[in-house]
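Dear colleague,

Please find the structure below, handed over for your own work. My notes on what was found in it follow directly after.

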Amino acid sequence: MAERVLILGGGFAGNAAARALRGQGLEVTLIDQRNYHLFQPLLYQVAAGDLQAEAIATPQRRLLRGDLHFRLGRVARLDLSQRSIFLDDGDVLPYDYLFIALGTVTNFFGNAAIASHALQLKGMEAAEAVRSRIFSALEAASHCTDSAERRSWLSFVIAGGGPTGVEFCGALLELLRVVLPRDYPELRLEELQLTLVEGGAALLPGFAAPLQAQAAGKLQKLGAQLRFHTHVLGFDGQTVQCQPDPDIPAHTVVWTAGVTAHPLAATMPGAKGPGGRIIADPHLRLPGHPEVFILGDLAYGSDGAFWPQVAPFALQSARHAALVLQSQRHGRPLPPPFAYRDPGSMAVLGRFDAVCQIERWHLRWHGWSAWLLWLGLHLYRIIGTRNRLLTLLDWGTDYLRHGAAVEIIRSPTDPSDPCVHTQPSRHKMQAGNLTSSAS
């Protein structure tokens, strides 16, 4: 019988691993709790109404045709000694080799109040909930007679100044500056307030100082209020508690301030790295278990090497692990230890503007040329001709007509479902949390 390989997680790392193992005489099964692969870097555009969610989602079975298999399910626990995984429906699946690429979940740093009331951008449903909250807030403000309450509905807070927070901030500002005067004439643009809260001294940690300054200047020009050296301590649905800055009356907070390892990582043996990541050996294997590979956002180097939680690392780690597995199977010498090759970093700041740096070539620039590069790379990396066409159509609606491609408010079908927001009320709007794999 063919040796069995199980891949946990259908993100960038999981899918890349499956494709790398195709045609190798193995029985490869990818397991994920959702039946689609999600292009995570553009989730913020779904939240801002620039893209429909279907444009960045591809059915797993369409990607895994041929000798690759897909299993819809949620992993409940692992038994490494018996080389088996247990699904929450009770099924037990044995393996000869295991690839773990479950990614990360949103990290609220143990703050239950923020977790209960803030929105986040992990997963398709979460992004759609953010978009629905934005337009629900505008609807609530449009018929609110109390000026202070109306300003609270028109106050939006983004916690976290990394790439996701910066990109979403720029996209949301451009959306609101167009939608308010055009579709909500009863509202005044000057009542709008968007605040980006960052605990550090600058936006976009890891970028060069001039690019950080460019990002801050662009967002301020669009109308954002930036608060540096500030932390969000709490949020009750009506007021954002900040330290050391004053509180912010607001009904909407989008949390982009951090991620932590998938909960299953805590149940695995061995030392853990920052954010609960699993420390792997130089060949991305779990120490003591050479048949288990750790990929993507979950992996952390034992030598402290720079292993970022980004899509390029996820893809490179998956391909290296597949090479190691084949070497082990056939008794060949292992390839050289894994070394991440950084292709560069970029972040879009808004219409026709982005920042980009490629450190190995000492290149740093911003403006329309960086934006064109960002546009082309993201369009190229989206899987499937249909999805690329949908993305082009939505972007055309955004950039040519200067309006959101999607302005639909999705109402929950089940009020008890914690993954969807409730309908807006005069005093309070709540949203649940959704976690999904990112690798």
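**The parallel sheet**

Serine 155 has glutamine 193, in E13, as its bridge partner. The model is a predicted one, in which local features need pLDDT of at least 70, side-chain atom pairs count only at pLDDT 80 or more, and totals for chains, interfaces and linings use all residues. Residues are numbered from 1 along each chain as its sequence is written, and side-chain values use heavy atoms, with hydrogens and water left out. Helices (H or I, at least four residues) and strands (E, at least two) are DSSP runs, numbered from the N terminus.

Strand E12 (residues 155-159) runs parallel to E13, and five bridges join the two. Both belong to an open sheet of five strands in the order E11-E18-E12-E13-E14, with parallel pairing; two strands pair if DSSP finds at least two bridges between them. E11 and strand E14 (224-227) each have a single partner strand, so one side of each has no neighbour in the sheet. Helix H7 (residues 163-183) packs on the sheet and touches E12, E13, E14 and strand E18 (252-255). Its direction makes about 175° with that of E13, where axes are lines fitted to C-alpha atoms, for helices over the stretch in contact, and angles run from 0 to 180 degrees between N-to-C directions. Contact here means heavy atoms within 4.5 Å.

Glutamine 120 is located in strand E11 (residues 119-120). Glutamine 120 is buried, with a relative accessible area of 3%; buried means under 20% relative accessible area, exposed over 50%, and partly exposed in between (1.4 Å probe, protein chains only). Its side chain forms a polar contact of 2.9 Å with the side chain of threonine 106, and also reaches the backbone nitrogen of lysine 122 at 2.9 Å. A polar contact is a pair of N or O atoms within 3.5 Å; within protein, one must be able to donate a hydrogen and the other to accept it, and residues adjacent in sequence count only if both atoms are side-chain atoms.

Asparagine 15, in helix H1 (residues 12-21), is likewise buried, at 1% relative accessibility. Its side chain and that of histidine 37 are joined by a polar contact of 3.5 Å. Beyond residues up to four places away in sequence, asparagine 15 touches Gly10, Leu30, His37, Gln60, Leu63 and Leu64.

**Nonpolar cores**

A nonpolar core is a set of buried Ala, Val, Leu, Ile, Met, Phe, Trp, Tyr and Cys residues joined through side-chain atoms within 4.5 Å. The largest has 97 residues, and Phe99 and Phe168 have the most contacts inside it. Another core, of 29 residues, lies apart from it and includes Leu93, Ala261, Ala299 and Trp307.

**Backbone points to inspect**

Which two residues does a cis peptide bond join? They are glutamine 243 and proline 244, with omega about 5°. Proline 244 is in the loop between strand E16 (239-243) and strand E17 (248-249).

Phenylalanine 109 is not a glycine, yet its phi is positive, near 55°. This residue sits in the loop between strand E10 (104-106) and helix H4 (112-117) and is exposed, at 56% relative accessibility. Leucine 204 also has a positive phi, of about 50°, without being a glycine. Leucine 204 occupies the loop between strand E13 (193-197) and helix H8 (209-222), and is buried, with a relative accessible area of 0%.

With kind regards
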